[in-house]
Each structure stands twice: as structure tokens, then as C-alpha cells.
Amino acid sequence: MSKTAIMGFGNPVRSDDGIGCYVIQELKDSLGNNDEVTILDMGTSAFEVLYQLKGHDRILIVDAVINTGEPSGTLYKVPAKEVMKAPQEDPMVFLHSLKWDQALSYAKRILADAYPEDIQVYLIAVDNTRLEIELSEKVKEAGDKVVQLMLDDLTATNE
């Protein structure tokens, strides 16, 4: 059995930017206590939980992404190394004090040889980052799809 860490990033008071937090809560509700899966609500800061990644074989990440040019709710799944290569055109568009790619960079330094190679990132396109606590319907639907994709992935990995 492989051990997986799932990290959800987001700001739950910035409307659709809270989609990572939503996915994490839905996974906690679905999985309950599970020795093979560590679910980490990263919120808007990640330093406090980076050490908890030690001992995991895989990391799954979910976050919102803005300025994609695609409709709100569009879902992307990519290996982290591909997204981390992408240039950051405007660092001010991020709504977190620590972005997930920065968190992974720090985790790589902290974990050294124990850093997992299998890291997948689910990004959900969003338009609304106003001070609101509700998710838009399209983004919530995309979040529900990510929850199901992750549950399916976990089932396939541990068979």
C-alpha cells in the first residue's frame, strides 16, 4: 500500500478561491480516518504542515487558478513538475501567503531523499475571488468532480 498526502489550498472567504478547502472537507467526510491517506487543509499558509509530508509516496494537490482564459469551473490535472516550470506572469494574482509550488519547493528541501516523485495537481479555473464565503455552482461542480477523481485514484492505487 502506498501512502498519499492530499493538500488543498485556498482562501475560504474569497469565494471560488476556497475550492481547495471545499475539496478537502468533502474528502474528509468521504474517507474518515484512513491510515493510507493524510488530508491536509493548507488554507492560505503551508509552513505548519510541510513536515507532515514525510513518509508519503504521493502528493495530490487541489487549488484554484485565475486568469486562464477558460470558463470558470474548467478543470486541469497536470504533473506538478509541468506546472512548476510555467512562468509566473503576475505573482500578485495569488491569494495565498504561500503558493503550493513554493510549498513543494520547501518540502523538497525539508524531505530531501524522502520527497515523492509522484505529485499531481488539480487546478480549477475561477473568476470570482470577491470577499464571499459561497462557491459558484460551476466551481463547486468542478470541486465535486475532483473529489470523485481523487477517490477513484486512491482506490486504483491501493488495489
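Me: How many bridges join strand β4 to β5, and do they run parallel or antiparallel?
Reply: This is a predicted model. In it, strand β4 covers residues 75-79 and runs antiparallel to β5. Within this pairing, V78 stands opposite V121 in β5. The number of bridges joining β4 to β5 is 5.

Me: Which residue of β5 is the bridge partner of D63?
Reply: β5 also pairs with β3, and these two strands run parallel. The pairing of β3 with β5 consists of 8 bridges. The β5 residue that partners D63 is L123.

Me: How many of the residues of β5 are buried?
Reply: Buried is taken as under 20% relative accessible area. β5 has 8 residues and is mostly covered. The buried ones number 7.

Me: In what order do the elements run from the N terminus on?
Reply: The secondary structure of the chain comes to 4 helices and 5 strands. Of the contacts with a separation of 6 or more, 81% are between residues 24 or more positions apart. From the N terminus on, the order is β-α-β-β-β-α-α-β-α.

Me: Which element gives the most to the largest nonpolar core?
Reply: The largest nonpolar core has 21 residues, and I6, V23, L27 and M150 have the most contacts inside it. Two or more residues each come from α1 (19-31), β2 (37-43), β3 (58-65), β5 (118-125) and α4 (137-157). With 7 residues, the top contributor is α4.

Me: Which residues does M150 touch, leaving out those up to four places away in sequence?
Reply: M150 is one of the residues with the most contacts inside the largest core. Its partners include I6, V23 and L27, which are also named among the residues with the most contacts there.

Me: Is I39 buried or exposed?
Reply: I39 is found in strand β2. Leaving out residues up to four places away in sequence, I39 touches I6, I24, L27, K28 and L31. The cut-off for buried is under 20% relative accessible area. I39 has 15% relative accessibility, so this residue counts as buried.

Me: How far apart in space are I39 and G8, C-alpha to C-alpha?
Reply: In sequence, I39 and G8 are 31 residues apart. In space, C-alpha to C-alpha, the distance is 8.1 Å.

Me: Why does the salt bridge of R58 and D118 tie together separate parts of the chain?
Reply: The side chains of R58 and D118 meet at 3.8 Å, N to O. R58 lies in strand β3 and D118 in strand β5, so the pair ties together parts whose separation in sequence is 60 residues.

Me: Which residues are linked with R58 in a network of salt bridges?
Reply: R58 is buried, with a relative accessible area of 7%, whereas D118 counts as partly exposed at 31%. R58 also meets the side chain of D153 in a salt bridge of 2.5 Å, N to O. This second pair links helix α4, which holds D153, to strand β3, which holds R58, 95 residues apart. The residues in the network with R58 are D118 and D153.

Me: Which helix holds both K140 and D144?
Reply: The side chains of K140 and D144 meet in a salt bridge (3.8 Å, N to O). K140 counts as partly exposed at 30% relative accessibility, and D144 is partly exposed at 32%. They are 4 residues apart, about one turn of the helix, and both lie in α4.

Me: What accessible area does the nonpolar patch on the surface have?
Reply: The patch is formed by V13, L131 and I133. L131 lies in the loop between β5 and α4. L131 counts as exposed because its relative accessibility is 71%, and the cut-off for exposed is over 50%. Together, the three patch residues V13, L131 and I133 have about 340 Å².

Technical notes. Residues numbered from 1 in each chain as written. Predicted model: local features only at pLDDT ≥ 70, side-chain atom pairs only at ≥ 80, totals over all residues. Heavy atoms only, no water. Core = buried A, V, L, I, M, F, W, Y, C linked by side-chain atoms within 4.5 Å. Buried < 20%, exposed > 50% of the residue type's maximum accessible area, 1.4 Å probe, protein only. Contact = heavy atoms within 4.5 Å. Patch = residues over 30% accessible without salt bridge, like charges linked within 9 Å, V, L, I, M, F, W, Y side chains within 5 Å. Areas by Shrake-Rupley, 256 points an atom, 1.4 Å probe, with all protein chains shown as cover. Salt bridge = Lys/Arg side-chain N within 4 Å of Asp/Glu carboxyl O. Pairing = 2+ DSSP bridges.
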